[in-house]
Amino acid sequence: MLRFLEARQIVLDRVHRMARCHVLLDQALGRVVAEDLHAAEAVPPFTNSAMDGFAYRTADAATASEATPQRLRVCGELCAGQVYPHPIEPGTALRIMTGAPMPEGADTVVPLELTRHSGDWVELLKPLRPGANVRLAGEDISLGGQVVTAGTTLRPGEIGVLATVGCARVPVFPQVRVAVITTGDELVDCAQTPGPGQIRDANIHALCAQLRAFGAEARPFARVPDHRERMEAVLREALETTDVILTTGGVSVGDSDFVKPMLKAMGAEPIFWRVAQKPGGPLGFWMLQGTPVFGIPGNPVAAMLMVEAYVRPALRKLMGYRHLFRPERQGILNEPWRKGGPDGRVHFLRAVVREVDGEFHATLTGPQGAGILSSMLRANALVVIAEEETAIPAGGSVRLHLTEASEDH
Ligand code: AMP
Ligand code: MG
């Protein structure tokens with residue numbers, strides 16, 4: 001049977017970065033920039049006042065002091081958004097607000113609170129250095145300067161800078177559209193009351209949430225009963241409207257597990273089925289007319305772990321991210337844990353990890369059965385028990401996959 005890391009690499013080899021597109025700036029948060037972006041304008045675009053105060057010629061108050069204040073005549077007032085049409089004459093000052101363009105002739109702004117003033121005069125009580133409280137054109141970003149390099153993930157800070165330099169449409173790698181298709185006769189919507197033998201569909205919500213949390217566009221499809229023709233119709237619709245397909249349930253060897261035979265009948269190329277792991281053993285991966293299809297087991301714990309372990313890195317690659325994998329650290333397991341016996345499978349355990357004095361300590365979230373969905377609550381890491389390992393003593397060293405931290409490699 002395939003091992004986890006081999007299977008993950010096979011998936012990654014099959015998916016490729018999508019073609020770039022342009023999006024409006026307000027849709028660009030979290031996207032990866034497809035090319036270096038340069039400033040089409042200097043920032044600030046004009047020299048302006050950094051304070052509310054008076055613009056004047058420094059030389060006019062070179063000898064000012066508390067004892068001998070320098071009085072200047074106030075020649076006018078200028079708010080942000082206005083331009084003063086005259087040069088500032090010697091012996092005069094212009095009342096100026098923060099952000100207003102510096103008038104010709106003046107080179108310094110004295111803040112209001114450092115003056116005495118009334119009506120048409122202002123007194124300066126000490127000399128200021130030339131250029132004090134003035135923001136020079138281009139001092140922040142020069143015209144033509146590079147502001148964002150290709151491959152950068154856009155955060156609010158980058159969005160603000162791009163807005164400032166007038167980049168209203170941004171070249172990025174697009175969001176991947178993902179069809180999420182849950183299967184199972186027993187499933188009802190979470191808003192419904194399950195009848196006898198029925199359960200609520202957890203996966204449609206959990207998986208869409210996972211996908212959205214890492215910037216993919218999740219498209220929940222109508223739930224499919226364990227029925228071949230219904231399955232085929234939904235898969236065909238997904239093929240036409242999305243870039244990647246996720247199915248959950250029906251991928252094992254039960255009598256009503258139709259996903260595999262259905263994909264085969266539709267001519268999908270089987271890449272692998274089954275991985276030596278727990279949970280999530282019967283994971284399948286196909287290419288269907290160029291579209292990657294993940295056949296994920298229905299068990300909600302397994303389903304979410306498979307999205308974390310395989311789907312997330314693959315979709316990040318499609319969306320152009322440089323780093324595909326969560327941080328992994330060596331840590332200490334606070335309690336003993338053992339496999340039922342040597343099984344050659346990698347085990348993914350849910351844990352709460354805390355960093356104490358630079359060491360990572362992991363506590364399991366409770367019973368780790370694949371059906372125990374509450375084991376996902378509070379978990380911020382997976383303890384990854386390697387295929388060959390069978391038991392970890394309390395205090396033993398384990399590999400931790402940090403599921404709340406952003407990718408670092
Ligand atoms: P399957 O992979 O179809 O054999 O399903 C394995 C287990 O997961 C069964 O107990 C199913 O009832 C359960 N299951 C399958 N799909 C879902 C779902 N969407 N939400 C919650 N439980 C599910
Ligand atoms: Mg089923």
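Residues are numbered from 1 along each chain as written, with chains lettered from A and ligands numbered from 1 in written order. In this predicted model local features need pLDDT of at least 70 and side-chain atom pairs pLDDT 80 or more, while totals for chains, interfaces and linings use all residues; side-chain values use heavy atoms, without hydrogens and water.

Reader: How many residues surround ligand 1?
Author: A residue counts as near if one of its heavy atoms lies within 4 Å of the ligand. The closest include E186 and D201. By class, the shell has five nonpolar, seven polar (Gly among them) and three charged residues. The number around ligand 1 is 15.

Reader: Which residue has a side-chain N or O atom 2.8 Å from a nitrogen atom of ligand 1?
Author: A polar contact is a pair of N or O atoms within 3.5 Å. For N299 a backbone N or O atom lies 3.1 Å from an oxygen atom of ligand 1. The side chain asked for belongs to D201.

Reader: Which residue of strand 13 is the bridge partner of H22?
Author: Strands are DSSP runs (E, at least two residues) numbered from the N terminus, and two of them pair if DSSP finds at least two bridges between them. Strand 1 (21–24) is an edge strand in an open antiparallel sheet with the order 1-13-2. Four bridges join strand 1 to strand 13, residues 169–173. The partner of H22 is P171.

How values were computed. Polar contact = N/O pair within 3.5 Å; in protein donor to acceptor, adjacent residues only side chain to side chain.
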